[in-house]
Amino acid sequence: MGVETDQQVISILRRIYNLKYHSDKYKPNGEDESNNNVIVNVFKSEPITWESFVSNNLDFLDFPLWLAELVDSQKLKVAHANAIMKLSPDETLMKRIADFVIETEKNAKETNQIVEDVLRLKNKTGGPKRSLISYPHRGFFGDNEFSGNASGWLLVDLILLYKPKKVFDPMEGSGTSRDVCRIMDIEYEGGDIYSDKHKFDVLTDEVPVNDLTFFHPPYWNIIDYSKAFSEFLKKEIPPKENDLSQCPTFADYMEKLFFCIDKLLKKCKRLAILIGDVTRGTEFLSPQAGIIWHYNERVEDCWIKEQLHEYARYRYEQQSFVPHSHEYVIIMKGDLYG
Ligand SMILES: C[S@@+](CC[C@H](N)C(=O)[O-])C[C@H]1O[C@@H](n2cnc3c(N)ncnc32)[C@H](O)[C@@H]1O
């Protein structure tokens with residue numbers, strides 16, 4: 001047989017794993033040169049074709065093998081690999097983690113974090129236990145390098161409480177909701193005005209029908225999102241007029257915010273809005289108060305969420321306020337409610 005070292009065996013099986021579970025990406029039909037070449041070269045002394053080798057060996061491609069490879073390549077600690085195995089017999093969940101780690105090219109530290117979070121997630125039942133919520137452990141969802149990111153655990157709580165079949169996030173930023181839904185196996189659509197891959201402008205684009213819309217808009221101009229995305233994507237991204245963080249006045253911002261809310265309410269069962277106050281100098285502006293007042297009959301609930309990290313960085317220098325360390329989650333009934 002043309003395979004001589006364990007490393008070659010592992011590498012070939014990894015490729016076969018890709019062929020089996022990512023057949024759209026790693027097509028065994030000649031389009032994926034690197035996979036085809038490796039397999040053809042390693043097995044050139046074999047009298048069988050690599051296609052038949054693949055089909056003959058698919059049974060060997062189980063999840064433990066994939067995990068073993070992560071351990072061997074020092075991307076995952078043995079203890080964590082064992083921990084993932086404890087998620088068994090939920091092989092679908094294990095595969096989802098595997099896919100996630102491969103596709104998002106997570107490093108060893110992040111992989112361990114995912115495993116810990118998924119174990120935490122498995123033990124979680126129901127939604128928040130009270131209306132004062134706090135998530136000291138941010139979780140691996142999304143990216144905490146992105147200014148204004150939210151903890152994915154809020155979305156986990158919303159999903160556990162309201163049990164949506166489909167979630168929509170029109171301003172997904174670093175993709176926190178996308179990651180949560182992927183691990184929880186919830187149908188998801190979402191985008192962002194500055195996203196390369198999932199471009200979506202909530203002011204102009206069509207909103208899909210969904211069970212739960214998670215809406216985390218800019219808190220007016222506290223963060224300039226063209227700058228935040230320029231830093232995040234490490235390239236210059238010019239500001240867009242429809243970016244809510246570019247609104248020239250608070251009145252203009254509130255008008256656009258209400259336009260978005262009206263539009264989103266039409267297509268969902270529930271709309272969950274995460275929003276904070278805008279405090280600057282001695283000025284106190286509260287989009288939350290405006291929303292609750294304007295949409296009072298639609299409001300189903302309102303929670304206070306502890307804001308743990310953001311405030312220290314940019315908001316409270318030379319201000320007359322005690323540092324605000326809270327924001328709000330407003331739950332509203334959409335047109336499809338009930
Ligand atoms: C508070 S951030 C969302 C952060 C996200 N929840 C996360 O965890 O990364 C607000 C986002 O709204 C986006 N945005 C602003 N105006 C928009 C518009 N008209 N349509 C879609 N996205 C918009 C910004 O680009 C920014 O990413």
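1. Ground rules. This model is predicted, so to speak of a local feature a pLDDT of at least 70 is needed, side-chain atom pairs count only at pLDDT 80 or more, and totals for chains, interfaces and linings use all residues. Residue numbers start from 1 along each chain, as its sequence is written.

2. The sheet. Look for an open sheet of 7 strands with mixed pairing, in the order β1-β8-β9-β5-β4-β2-β3. The edge strands are β1 and β3 (187-190), each pairing on one side only. Helices (H or I, at least four residues) and strands (E, at least two) are DSSP runs numbered from the N terminus, and two strands pair if DSSP finds at least two bridges between them. As background, strands of a sheet pair through backbone hydrogen bonds, either parallel or antiparallel.

3. Strand β4. Is β4 buried or exposed? 6 of the 6 residues of β4 (residues 210-215) are buried, so the strand is largely enclosed by the rest of the structure. Buried here is 20 or more other C-beta atoms within 10 Å of the residue's own, exposed is 12 or fewer, and partly exposed is in between, with C-beta atoms placed from the backbone. β4 runs parallel to β2 (residues 166-169), joined by 2 bridges, and pairs with β5 (residues 268-275) in the parallel sense over 5 bridges.

4. Helix α8. This helix (residues 152-162) is mostly covered, with 8 of its 11 residues buried. Among them are Trp153, Leu154 and Asp157.

5. Arg130. You'll find Arg130 in the loop between α7 (108-122) and β1 (132-133). Why does Arg130 count as exposed? Because Arg130 has 7 C-beta neighbours inside 10 Å. Arg130 and Ile304 are 174 residues apart in sequence, yet 9.6 Å apart in space, C-alpha to C-alpha.

6. The ligand. How many residues surround the ligand? There are 26, and the closest are Met171, Gly173, Ser174, Thr176 and Ile193. A residue is near a molecule if its C-beta atom, placed from the backbone, lies within 6 Å of it. The shell divides into 13 nonpolar, 9 polar and 4 charged residues. In this count Ala, Val, Leu, Ile, Met, Phe, Trp, Tyr, Cys and Pro are nonpolar, Asp, Glu, Lys and Arg are charged, and the others, Gly among them, are polar.
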